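User: I'd like to go through this model with you, one topic at a time. Could you keep the answers to what can be read from the coordinates?

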Amino acid sequence: MAVTVLVVDDSATMRQQVGAALTTAGFAVAEASDGVEGKARLLAGGVGCVICDVNMPHKNGIEMVEELMAESLEKLPPIIMLTTEGSPQSIRRAKAAGASGWMVKPFRAELLVAAVRKLTS
Amino acid sequence: MEPLDVVASTYLACLLDVVREYTGATPTSRPLSANGPDQDTSDIPFATLVRFGEERVWGSSLFVSDEESLRTLAAGDVDDPTDWLGELNNQLVGRLKNRLLCRSVSLHVLPSIVVAGFVKDRGPAAGWVVEWAGGRMTACLGVTVAPGVSLAATDDTIEAAPEGSLILY
């Protein structure tokens with residue numbers, strides 16, 4: 001059965017492009033448009049990996065990861081932040097929150113797929 | 001260089017990089033006319049705004065383009081041109097944030113919003129028309145730098161992760 005990757009981004013176009021790359025590589029894809037939706041979808045279960053934007057309305061990506069790590073009793077799947085930001089401070093904050101990786105947009109499909117494969121294998 | 005010029009020249013460099021990234025070609029740019037919009041408004045262009053700021057530097061980035069141009073600026077399918085224009089604007093401001101880090105500026109960036117049609121009164125903004133094979137876009141930067149702030153490079157060792165890079169912890 002294909003591993004499900006949750007793509008959390010407020011841009012429908014980004015979700016579509018990331019989703020297409022992952023689907024082509026054999027993954028199943030679920031979507032959420034902000035940190036609130038993403039957290040709810042993740043807690044519903046069945047997600048093997050998360051690709052998450054940072055700058056989103058309602059709840060940003062790092063806040064989502066911080067809340068999940070603080071509240072979750074079970075082990076969470078690996079989370080890769082995918083964002084335009086590259087500041088060392090933000091990268092460190094995501095790592096401290098429990099994220100597994102950080103990718104700076106524009107995303108390279110082959111790099112992203114390889115990372116998801118590595119983290120879900 | 002004056003602080004406003006530092007932000008404006010960095011913004012323009014980021015703008016050209018974003019267009020180059022998605023078209024694969026080197027775009028041309030020219031300053032926007034001071035007399036108002038010089039993009040044909042008959043096709044009802046799409047417009048998005050991204051606001052950014054910190055204590056000493058704040059402002060906004062306005063993108064205006066049309067559907068046909070936006071499709072040439074996409075790496076894949078685009079079902080919603082306005083959504084894609086907002087994402088491109090967000091990617092530009094993200095690059096601006098990354099490049100101002102070495103000047104001790106750390107911008108907070110808000111999610112993009114859609115604005116209706118072309119904004120005829122741009123206010124105190126710098127603007128550029130960027131053109132490439134198959135498309136064009138207008139970008140306006142409105143920015144304020146607090147009095148006494150120089151924006152000189154303070155720490156060359158603060159380096160943002162480059163675009164397209166991946167770090168696994």
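User: How many residues does α3(B) have, and what does it reach from its first C-alpha to its last?

Analyst: Bearing in mind that this is a predicted model, α3(B) has 20 residues and reaches 29 Å between its first and last C-alpha atoms, which is close to the 28 Å expected at 1.5 Å a residue.

User: And is that helix mostly covered or mostly open?

Analyst: Mostly covered, since 18 of the 20 residues of α3(B) are buried. For chain B as a whole, 38% of the 169 residues count as buried.

User: What else is in chain B, in terms of helices and strands?

Analyst: Chain B has three helices and eight strands, and from the N terminus on they follow the order α-β-β-β-α-α-β-β-β-β-β. Among its contacts between residues at least 6 apart in sequence, 73% join residues at least 24 apart.

User: OK, the core. Which residues touch the most other members of the largest one?

Analyst: The largest nonpolar core has 39 residues, and those touching the most other members are Leu15(B), Phe63(B), Leu88(B), Leu92(B) and Ala139(B). At least two residues of this core come from each of α1 (3–23), β2 (46–53), β3 (57–65), α3, β6 (125–132) and β7 (135–145) of chain B. In soluble globular proteins, nonpolar side chains tend to be buried together.

User: What does Ala139(B) touch, then?

Analyst: Leaving aside residues up to four places away in sequence, Ala139(B) touches Leu15(B), Ser61(B), Leu62(B), Phe63(B), Gly127(B), Trp128(B) and Val130(B). There is also a second, separate core of 33 residues, which includes Ala21(A), Val54(A), Met81(A) and Leu112(A).

User: Switching to the interface: how many residues of each chain are in contact?

Analyst: On the chain B side there are 32 residues, in contact with 30 residues of chain A. The elements that each supply at least two residues of the chain B side are α3 (81–100) and β8, and α3(B) gives the most, with 10 residues. By class, the side of chain B that touches chain A has 14 nonpolar, nine polar and nine charged residues.

User: What does β8(B) pair with?

Analyst: Strand β5 (residues 101–104) of chain A pairs with β8(B) in the antiparallel sense over three bridges, and within this pairing Gly101(A) has Leu168(B) as its bridge partner.

User: So what is the strand order in that sheet?

Analyst: Six strands form an open sheet with mixed pairing, in the order β2(A)-β1(A)-β3(A)-β4(A)-β5(A)-β8(B). Because β2 (28–32) of chain A and β8 (166–168) of chain B stand at the edges with a single partner strand each, one side of each is left without a neighbour in the sheet. Ignoring direction, neighbouring strands are turned by 15° against each other on average.

User: And in which sense do β3 and β4 of chain A pair?

Analyst: Strand β3 (residues 49–52) and strand β4 (residues 79–83) of chain A pair in the parallel sense over three bridges, with Ile79(A) in β4(A) as the bridge partner of Val50(A). Helix α3 (residues 61–71) of chain A packs on the sheet, where it touches β1 (4–8), β3 and β4 of chain A, and its direction makes about 165° with that of β4(A).

User: Last one: where is Glu159(B) found?

Analyst: Glu159(B) is in the loop between β7 and β8 of chain B. Glu159(B) counts as partly exposed because 13 other C-beta atoms lie within 10 Å.

Conventions
Residues numbered from 1 in each chain as written. Chains lettered and ligands numbered in written order. Predicted model: local features only at pLDDT ≥ 70, side-chain atom pairs only at ≥ 80, totals over all residues. Pairing = 2+ DSSP bridges. Helix = DSSP H or I, 4+ residues; strand = E, 2+ residues; numbered from the N terminus. Axes fitted to C-alpha atoms, helices over the stretch in contact; angles between N-to-C directions. Contact = placed C-beta atoms within 7 Å. Nonpolar A, V, L, I, M, F, W, Y, C, P; charged D, E, K, R; others polar. Expected span 1.5 Å × (residues − 1). Buried ≥ 20, exposed ≤ 12 C-beta atoms within 10 Å, placed from the backbone. Core = buried A, V, L, I, M, F, W, Y, C linked by C-beta atoms within 7 Å.
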